[in-house]
Amino acid sequence: MIPKAELHVHLEGTAPPELVRRLAKRNRMDLPEEIFGDDGNYHWTDFLHFLKVYDATAATIRTPEDYRDVTYEYLAGCAEEGAIYVEVMSSPDHSAANGMSYANHQEGIVAGIEDARADHGIEGRCIVTCVRHFGAEQAMEVARQVAARPHPLVSGFGMGGDEAGFPPAQFARAFKYVADSGLPCTVHAGEWAGPDRVREAIETLPVQRLGHGVRAAEDPALVQEIVARGITLEVCPGSNFATGIYRDFSDHPLARLRADGVKTTLNSDDPPYFATSVGREYDEAAEHLELDDDGLAGFTRNALKAAFVDEPTRETLLARLDAGAGGKSP
Ligand SMILES: [Zn+2]
């Protein structure tokens with residue numbers, strides 16, 4: 001199995017229905033049944049409805065133990081699919097809405113990463129994210145929390161949420177604050193908005209990577225700029241198909257971006273909502289982009305090179321990739 005790596009998955013969105021039901025029971029909460037479809041999976045109709053279902057399930061994660069279990073179970077599942085490294089994006093705004101402090105939020109995630117490493121050999125890191133549509137002041141608040149409580153397993157900062165309504169430049173102060181504290185940054189851009197917002201993001205925020213970034217493909221000069229800056233794209237094809245940004249691989253720009261020399265990676269984004277997983281993303285790319293094992297290992301190499309991780313760990317992971325890629329022995 002090709003060693004895999006993933007840089008873009010929202011932790012609160014990784015819990016499958018079975019785990020969410022378990023958490024709801026543990027926390028004595030009633031779950032609205034309409035969030036589940038007849039097949040037992042999450043049911044949503046459009047993006048706004050998706051966000052509602054997402055918030056309802058995220059509300060079941062209420063204690064450090066809950067965060068530990070969500071993190072641990074996700075990483076264990078990724079390890080089963082051959083992943084050696086995963087960065088999960090966490091949202092302190094979600095946990096604060098459930099009455100949790102940032103310290104408790106961090107404590108649970110760190111425990112999940114450490115336990116998954118011990119039991120399954122997978123390396124993990126946490127990227128703390130703020131939410132665009134909560135505004136620049138709240139983003140600054142999250143930035144302050146992250147910088148004030150450093151932890152070796154919390155290794156980056158990012159931002160998700162309503163891209164179309166909240167341009168990146170508004171958040172320059174929060175990103176600069178975190179970057180000045182020594183943490184690398186990524187930001188969602190070029191998913192729900194076009195190339196102009198991608199350009200604004202790389203010109204106004206200190207980012208080494210872009211979440212999605214695929215709509216940069218609409219502007220060839222911008223694609224060249226991304227190549228020149230060495231920015232890595234966290235591409236999530238299954239998510240893009242599920243939300244309707246692209247129909248399928250026939251109109252998805254991943255192959256074109258690769259051909260133009262952009263560093264791309266494969267990611268699941270919100271796996272149980274989009275009927276995907278890191279393993280499935282690799283399988284689908286192999287099939288539709290007609291990639292052999294070397295081609296797939298290239299995605300893992302890009303991810304490890306762009307990972308927000310310390311250099312000794314990066315070297316260890318790259319050696320694991322070399323040992324495992326193509327079925328070759330070390
Ligand atoms: Zn995302």
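**Notebook: parallel strands and a zinc site**

I began with strand 5 (residues 186–189) and strand 6 (residues 209–212), which pair in the parallel sense over four bridges. For me, strands pair if DSSP finds at least two bridges between them; strands (E, at least two residues) and helices (H or I, at least four) are DSSP runs, numbered from the N terminus. I then followed the chain from strand 5 through helix 8 (residues 195–204) to strand 6, a right-handed β-α-β crossover. Right-handed here means that, with the strands pointing away from the viewer, the path from the first strand over the helix to the second runs clockwise.

A note on my source: this is a predicted model, where local features need pLDDT of at least 70, side-chain atom pairs count only at pLDDT 80 or more, and totals for chains, interfaces and linings use all residues. Residues are numbered from 1 along each chain as its sequence is written, and side-chain values use heavy atoms, leaving out hydrogens and water.

Next I looked at strand 7 (residues 232–235), which runs parallel to strand 6 and is joined to it by three bridges. I found L210 opposite L233.

Which residues coordinate the zinc ion? I found H8 (NE2), H10 (NE2), H188 (NE2) and D269 (OD), at 2.1 to 2.3 Å. Donors are N, O and S atoms within 2.8 Å of the metal (3.2 Å for Na, K and Ca); water is not among the atoms, so sites may look incomplete.

Finally, I saw that H8 and D269 link distant parts of the chain, 261 residues apart. Both are buried, meaning under 20% relative accessible area (1.4 Å probe, protein chains only).

Note on methods
Buried < 20%, exposed > 50% of the residue type's maximum accessible area, 1.4 Å probe, protein only.
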